[in-house]
Amino acid sequence: MGQATLTQNQRPKELARWANSQWAEEYELGRWFVLLWVMAQTPEKVPTDFWNQQLAIGKTLQANLSNRSPRYEITEIILENGLKPVVVFLTQLQKESDDHDILSQLSKHLKSATKRISLL
Amino acid sequence: MKNKPYFFIISLLLNAVCSVPYFAYGNTIDDYSLHPRAPNNSRVEKARQIFERVRDVANKHPKFPNPQLVVLKSLKNGSKQWAVALEDGHILLWTRAIDASYQAKSQNEEIEAEARLAFILGHELGHLASDDYGFLKRSRKNVTQKRRKRELAADKKGYAYAALSGYRVNFLLKKTSNNNYFLEEWLKRPREIYPPVEISVSAFQNYLHKLEYKLSLFEFGVRLSHFERCDDGVYFLQEFEKVFPAREVFNNQGFCYLQLARQEMDSEHANFYWMPQILDAETLAARIVMGMEPVKTLKQAARRLSNETKDLLEKAEEFLKQAIEADLDYFPARLNLAITYLYLGQPYNARFLIDQAYRLAPDNLEIQGLRTIIFYEQSGNGLDIWSSAIEPLKKRAAKLNAPPSLLYNLARLLDIRASRTFSDDAKRYWNRLARMADTLPKPIRAFVCRQPNTVCDTKLIQHQPPPWQKNWPIPFKWQKISEQEAVMNRLSDWEEPIPIDLSEKLRGHIYQRPNGGVEILELEEFMQMQVLKGDNLGTVHKLSSYCGQPLRQRTLARGVLWSCGDWAALALDGKVREVWRVLR
């Protein structure tokens, strides 16, 4: 199901409605987390460019969430504990795109952050 | 999930991608590490205190002997949950649940809120006790009926635990000042991904009402057993056990059978040692049997037990074992069972239990004293442990706060050796006890004062009888109910009486005044006990002036019980909440 959801151009209906809601940014963030999580575990070497692009996406998401008004405490937690560490890992991957330690830490963080954010 | 389904669905997705089984909603406390903890304030502090009291009476699954509470701050736009039990033994309570509990602005707001919080926390403790939070791990399909059954079972436990720990659960069944029921809110509370428990408020009320009825029987069972009326009390306890087999119920029944067994023994045997937890001493005072060949241990005395006494002790053993099974760390049941084994002449079994109780409460001097006695009781077959037992007792007796039971037991052991030196030594301890004779229970006092060359210091305590008419308006006389016309008239305005028909051996009624201030137990047409309930029954410090002797003190799950003769007062935080008066 996960694989299908990621590769399908057409989003499943139950997910698609969130793309147009007030939670669109969180929804995109969640999808992006899953994509990163998959890529962080890819055995093949991922081009540095890819991580550069992801860093840019991360920063955009960061800016969008930060500029939201009003900013609820829940957004602060997502920004500080979910997104910020990802941006740090992606910055490190710009220099060492196949550093297994960083990739493994990124993968772990994404998995736990996804679950923890869902429980807020 | 009302607010963040995106992330929840995505977390499911992640699980699907990982090919791991579907995880239950929130596995461990670690999964909630991003969730801010509730800031400390008086209500959060109160919730913690309530949790501790309810936890004290709750059954415990062997995996979680000591459940822990974490109070989380409810976030705006965050989870709408109230509380959840986690599979690592934590219970989470959201501030949203605390706010919901304090919703009614009524005269009894604090009391009502406490009862609601106790119910919510009891419900989650019920899940932990049954180890059933991980239900969704196994199947997501067709869970409604099973889930409903489990949620209702947890509701039943929540209600009973809250009541057993002294919270006024009757408020849960009543309408609030907003003219709605808390139970209404409870039933429609967000159950996140769990299917809702589809049950109407009135059906749910009926469900809890049935438990309320049985609880009334349990309460009178405890009261009767307190007044050494276990022969009747045990039927009441049995009735509650049928619907709610919990550790408190088993322990009370075990205590009852132990009490009945002691009543069957001669006083010399029953009071061979002064054991903790035993409070039924008063009625034994008249039954002192002298002139039997003295025994040196309870193990020897056990050989003289009648078959009837032995049967009662074995029944006590059976119930107390069940109480421990329901909570491995349940201290009173361990103590009662150790005492039962001593009376049965099985000190090795007692040793095993008391060692565990000692680990739970290493500073408790009474436990230390009992442990030494049990150690001594293992003497025999060429093994003489007397000297090794005496020394630690002497050390503890040297302390100013040494409990009188320890002094009594030490003096008994010294007398057993009966040599000149030891007798002189024993005399010192008998005299020490004699100086506090007015604070000793009657049979112990009688035994102490009988010792040669001992002069007992019994000051007559100045007292007035309890204010039965003024502050404690006990309404009725102790005579056949049908012979009290005025009583009959008054009772007709009360609530519909609760009928009692227990094992076809006891018949009667429980009468309740509509405002809940008085309860009457009638058995076979006679008034047996009258119970006053309320907030205007005075404070603990006045109680001693109502009694001609020192008050006996007993700690119950729902407060401290102070008793004297035919009455007892149940107090919480220094305030008397209930007064019990029994027919003598």
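Trainee: Which strands does helix α9 of chain B lie across, and how do you describe the angle?
Mentor: In this predicted model, α9 (residues 230-243) of chain B lies across β4, β5 (506-512) and β6 (518-523) of chain B, running at about 105° to β4(B). Axes are lines fitted to C-alpha atoms, for helices over the stretch in contact, and angles run from 0 to 180 degrees between N-to-C directions. Angles under 35 degrees count as roughly parallel, over 145 as roughly antiparallel, 65 to 115 as roughly perpendicular and the rest as oblique.

Trainee: How are residues and chains labelled, and what was required of local features?
Mentor: Residues count from 1 along each chain as its sequence is written, while chains are lettered from A and ligands numbered from 1 in the order in which they are written. Local features need pLDDT of at least 70 and side-chain atom pairs 80 or more, while totals for chains, interfaces and linings use all residues.

Trainee: Why are α8(B) and α10(B) called roughly parallel?
Mentor: Helix α8 (residues 201-226) and helix α10 (residues 247-264) of chain B pack at about 30°, with their axes 10 Å apart. That angle is under the 35 degree cut-off, so the two are roughly parallel to each other. Their crossing is left-handed, meaning that the near helix is turned anticlockwise from the far one by less than a right angle (clockwise would be right-handed).

Trainee: What makes these two helices meet, residue by residue?
Mentor: Contact is the test: C-beta atoms, placed from the backbone, must lie within 7 Å. In α8(B), the residues include B:Phe218 and B:Val222, and in α10(B) they include B:Phe255 and B:Gln259. The residues of this contact divide into five nonpolar, four polar and no charged.

Trainee: What makes β4(B) and β5(B) a pair?
Mentor: Two strands pair if DSSP finds at least two bridges between them. β4(B) and β5(B) have five, in the antiparallel sense, so they qualify. B:Asp501 has B:Arg507 as its bridge partner. The two strands form a hairpin with three residues between them, and B:Ser503 in the turn has a positive phi of about 45°.

Trainee: How do β5(B) and β6(B) run, and how many bridges join them?
Mentor: They run antiparallel, joined by five bridges, and B:Ile510 stands opposite B:Leu521. Their hairpin has five residues between the strands, with B:Gly516 in the turn at a positive phi of about 80°.

Trainee: What is the order of the sheet, and which strands are at its edges?
Mentor: Eight strands form an open sheet in the order β4-β5-β6-β7-β11-β10-β9-β8 (chain B), with antiparallel pairing. β4 (498-502) and β8 of chain B are the edge strands, since each pairs on one side only. Neighbouring strands are turned by 20° against each other on average, direction ignored. Towards the β8(B) end, five bridges join β8(B) to β9(B), and six join β10(B) to β11(B).

Notes. Helices (H or I, at least four residues) and strands (E, at least two) are DSSP runs, numbered from the N terminus. Ala, Val, Leu, Ile, Met, Phe, Trp, Tyr, Cys and Pro count as nonpolar, Asp, Glu, Lys and Arg as charged, and the others, Gly among them, as polar.
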